[in-house]
Amino acid sequence: LRYIKKMAARAEKKEERRLFATLWGKVVPLKGDRDRDDRPAEPEAKPVDPNFLLAWLEEKSVVEEFCSLETHPDVVRHGVAIMVFLVENGRLEPRHLDMVWDTSLGKHESVKHVIFTAMMDLLAKCNIKQLDHLFDRINATVPQQDYDQEVLTFVYHLSLLALPKQVEGNSPKRWYGVDIMWRLMQDSDQSSPAIANK
C-alpha cells in the first residue's frame with residue numbers, strides 16, 4: 001500500500017500533492033519548501049500518469065485485495081485513501097463502496113470506528129448517486145437490532161453529507177438517518193438494548 005500511495009501522490013497535479021499527501025498522514029515537501037529546509041535537496045520524482053495508475057489499480061484488483069483483509073482495520077483505513085484517488089478520477093464503482101462497507105459488518109465497535117472514520121474522507125468526495133447507493137447497502141445489510149452507536153453515528157454523518165447534495169426542489173427526496181431513527185423509535189423491541197434505552 002505504501003508504494004501505491006507514493007504512485008498516487010505522484011499522479012496528482014503538483015499543486016494538489018500537499019493535499020493528497022495529507023491523506024497518508026505525512027507532508028511531502030514541494031520543491032519550493034526545500035529551499036527553506038536544512039536538508040539537502042532531493043531530485044523531484046517524475047510525475048506518474050494517473051490513467052496508467054488507475055488502469056494498474058483495476059488490473060491488480062487493489063481495492064478487492066485490501067478489502068479482503070478485513071480483519072486488519074488499519075489496512076482498510078489506508079486503503080480507503082486509494083479509493084479517494086479513484087473517486088477523484090471518476091473510477092469509483094458501486095461495488096467498491098459495497099466492499100468497504102462490508103468490511104465493517106459484524107465487527108467490534110472499535111474496528112467499526114476506524115473504518116467509518118476513514119470512510120468519511122471518501123464520502124465527502126462522492127456524488128449523491130454514490131451516497132444513495134451506500135445508504136441502500138446499509139439498509140440491506142444491517143438488521144434493526146444491529147444498529148449500535150457507531151453505525152448510527154456513521155449514518156448521521158452520511159446524512160449530513162447527502163442532504164445538501166440533493167438538488168431537486170426545496171425539500172429532500174430522502175431523509176436518510178431520520179428515516180432510520182424513526183423506524184428504531186417506532187419498534188424499540190427490535191432495536192439493540194443499547195439504543196433502545198437511550
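Visitor: Is C126 buried or exposed?
Guide: In this predicted model, local features need pLDDT of at least 70, side-chain atom pairs count only at pLDDT 80 or more, and totals for chains, interfaces and linings use all residues. Residues are numbered from 1 along each chain as its sequence is written, and side-chain values use heavy atoms, with hydrogens and water left out. Buried means under 20% relative accessible area, exposed over 50% and partly exposed in between, with a 1.4 Å probe and protein chains only. Because the relative accessibility of C126 is 2%, this residue counts as buried.

Visitor: How many disulfides does a search of the whole structure find?
Guide: A disulfide is a pair of cysteine sulfur atoms within 2.5 Å. C67 is buried too, with a relative accessible area of 5%, and for disulfides the search of the whole structure gives zero.

Visitor: How are α6 and α8 oriented to each other?
Guide: Helices here are DSSP runs of H or I with at least four residues, numbered from the N terminus. Helix α6 (residues 73–88) and helix α8 (residues 109–123) pack at about 15°, with axes 9 Å apart, where axes are lines fitted to C-alpha atoms over the stretch in contact and angles run from 0 to 180 degrees between N-to-C directions. Angles under 35 degrees count as roughly parallel, over 145 as roughly antiparallel, 65 to 115 as roughly perpendicular and the rest as oblique. The two helices α6 and α8 are therefore roughly parallel.

Visitor: What percentage of the 198 residues in the protein chain is buried?
Guide: The protein chain holds 12 helices and zero strands. Of its 198 residues, the buried share is 38%.
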